[in-house]
Amino acid sequence: MTWDAYHRRKDVLRQMLAIADHQREITLGELLDSVEGGRDAFPTEIDALFDLQMMWFQRLSGHMEQILSQGTESPDLVPVTAWVGTAAELPGARALLDAHRDEPALRKAFAKELSYLATAAGVPVRGADLRLRGQRIVDAARSAVPEQTPAAADPSRPGLIARLRSAIAA
């Protein structure tokens with residue numbers, strides 16, 4: 001791939017995500033058709049999904065590094081906090097990835113992300129147990145995302161950190 005093609009793909013992906021951030025129900029195929037040069041940059045939806053997943057993972061790992069460098073979160077909350085922050089920053093990307101979470105071509109990438117999250121939380125196991133723990137982290141993070149809305153400030157409910165700790169402990 002030439003540098004021009006690389007930069008064109010990144011530009012198309014940014015344009016697609018700008019649309020997806022505001023139109024969460026839009027399909028990947030519709031996005032590729034709506035952005036000029038979308039089908040040229042990404043001949044198949046799988047091509048676009050790989051770049052999308054890589055962008056998500058890079059942003060997620062960047063958030064984790066930033067949180068770790070601040071040293072203010074307990075290790076088991078770092079991946080949850082990073083996931084929630086990344087989902088808030090890339091809502092369209094998260095919606096598209098969620099819509100394709102059963103895509104066989106991405107199975108390995110998703111499994112590696114789960115392992116990465118569990119390892120970052122300090123889980124001392126490997127293999128399927130590690131991915132299961134990573135899935136618990138993602139599930140805890142998903143449950144926290146709606147809590148970022150102003151309407152969720154119900155004082156009778158436990159706070160975000162208390163809920164995350166209990167979900168991770170499970």
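1. The model is predicted: local features need pLDDT of at least 70, side-chain atom pairs count only at pLDDT 80 or more, and totals for chains, interfaces and linings use all residues. Residues are numbered from 1 along each chain as its sequence is written, and side-chain values use heavy atoms, with hydrogens and water left out.

2. The chain has nine helices and zero strands. Helices (H or I, at least four residues) and strands (E, at least two) are DSSP runs, numbered from the N terminus. Among contacts (heavy atoms within 4.5 Å) between residues at least 6 apart in sequence, 60% join residues at least 24 apart.

3. Accessible areas come from the Shrake-Rupley method with a 1.4 Å probe; for residues, only the protein chains shown count as cover.

4. Met 1, Trp 3 and Tyr 6 make a nonpolar surface patch of about 430 Å². Patches are made of residues with over 30% relative accessible area and no salt bridge; like charges are joined within 9 Å, and nonpolar side chains (Val, Leu, Ile, Met, Phe, Trp, Tyr) within 5 Å. A salt bridge is a side-chain nitrogen of Lys or Arg within 4 Å of a carboxyl oxygen of Asp or Glu. Tyr 6 lies in helix 1 (residues 3–22) and counts as partly exposed because its relative accessibility is 35%.

5. Gln 53 sits in helix 4 (residues 45–70). Its relative accessibility is 7%, so Gln 53 counts as buried. Beyond neighbours within four places in sequence, Gln 53 is in contact with Leu 97, Leu 106, Ala 109, Phe 110 and Glu 113.

6. Helix 6 (residues 91–99) is mostly covered, with seven of its nine residues buried. Among them are Arg 94, Leu 97 and Asp 98.

7. The largest pocket has a volume of about 290 Å³. Of its 15 lining residues, Arg 101, Phe 110, Leu 114, Gln 135 and Arg 142 are the closest to its centre. Helix 6, helix 7 (107–120) and helix 8 (127–144) each give two or more residues to the lining; helix 7 gives the most, with five. On a 1 Å grid over the protein atoms alone, a pocket is an open set of points where a 1.4 Å probe fits, with protein on both sides within 12 Å along at least five of seven lines; lining residues have an atom within 4 Å of a point. The volume is the space filled by probe spheres set on the points.

Technical notes
Buried means under 20% relative accessible area, exposed over 50%, partly exposed in between (1.4 Å probe, protein chains only).
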